[in-house]
Amino acid sequence: MSNESQHDDNQDDVRKIIHIDMDAFFASVEQRDNPELRGKPVAVGGSAKRGVVAAASYEARVFGVKSAMPSVTAKRLCPDLIFVPHRFDVYRQVSQQIRAIFAQHTDMIEPLSLDEAYLDVTKDKQGIGSAIKIAKKIRADIESETGLTASAGISYNKFIAKIASDQNKPNGMCVILPEQGPQFVASLPVRRFHGVGPRTAEKMAKLNVHKGADLLDKPEHWFTENFGSWGEYLFSAARGIDHRSVKANRIRKSIGGELTYSEDKWSNTDLITALERIIDIVWERVEKNDAQGRTIVLKAKYSDFHQITRSKSLERNIIDKAEFREISMEILDGILPTEKGIRLLGLTLTNLEGVAKKPMVKNAAIADNQKSFDFS
């Protein structure tokens, strides 16, 4: 993987894509703001007895602690783990600082979350002309202004840039040139492919597919037969091809919120009260995004971690908060009374209109070749 290149920088059809990913963002903010946490294993969210880890410091990850892990499991893996409550208002403020730095270089910014984003710097505002130099400056400015580190992947498409940003973490950078893309993807375990979760990886293993190279001899129909419409994208990605553009306004499929409770909730009264709080949270987000939707999804996770979802759709958009509440309570009533304690409740409004929306992955025509490009 090259960090420099001496190729011609005049091919307009090859893009310069940077994927910036903050290093252990939530945990790093907590360590920055509390010197006593620095160098120690930290988990954001949850507690030693209940809840779920929202983020883990690198010191905690050494023990196998990771996000979405039950706190009890995390504590068992790392007895010295320090739990701290999340501060999303602070994380959002820092995220805004970071995005302001991005905006100095391009308007083509596609945030994926508070701590990561794609940037298309093919035509950068400052006329630097080098994706590598831009990524270096962005990372330096982030550290200078926030005291935090970020990793970057630089390549000619989103698929490879995202994988590359994880290649030299933390506080690292990786550049994959167009002529290196297919070979780089072929060397990767399929679990590293964006969109390949545990179940898909397990299915691939049964099909004797373990690395990107194992996909190259498969005919195109094999991908759709085994993976449906997503197989079209996978066919291209395995060849280092991804024509998706960086979208400044992503299609948002849903708006929701959920809460995990320190003690299981059993009674109808407690669960109704708990749902009232979630209704307030979600509807505030709906109004903030000026969104409308016609489907409400209720999520409940029981004390044994068994999870269910229930939903109701209208033929029109939900009118107001009162109707949102009425339907949400109606869905909750359908699972009451409960024979098991409930540790988590969540609500989601889907089938949205009137909000910036996240595009579905669509496969464009596959290019016959990849041109060289000067990323240096």
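Phe159 and Phe193 are both buried in this predicted model, where buried means under 20% relative accessible area, exposed over 50%, and partly exposed in between, with a 1.4 Å probe and protein chains only. Residues are numbered from 1 along each chain as its sequence is written, and side-chain values use heavy atoms, with hydrogens and water left out. Local features need pLDDT of at least 70, side-chain atom pairs count only at pLDDT 80 or more, and totals for chains, interfaces and linings use all residues.

A search of the whole structure turns up 12 aromatic pairs. Rings of Phe, Tyr and Trp (its six-membered ring) pair if their centres lie within 6.5 Å; planes under 30 degrees apart count as stacked, over 60 as edge-to-face and the rest as tilted. Take Phe26 and Tyr91: the ring centres are 4.3 Å apart and the planes sit at 10°, so this pair is stacked. Phe26 belongs to helix α1 (residues 25–33) and Tyr91 to helix α4 (residues 88–103), so the pair ties together parts 65 residues apart in sequence. Helices here are DSSP runs of H or I with at least four residues, strands are runs of E with at least two, and both are numbered from the N terminus. Phe26 and Tyr91 are buried too.

Back to Phe159 and Phe193: this pair is edge-to-face, with 5.3 Å from centre to centre and 70° between the planes. Phe159 is in helix α6 (residues 158–165), while Phe193 is in the loop between α7 (181–186) and α8 (198–206), 34 residues away.

Elsewhere, ring pairs join Trp222, Phe223, Phe227, Trp230 and Phe235 into a cluster.
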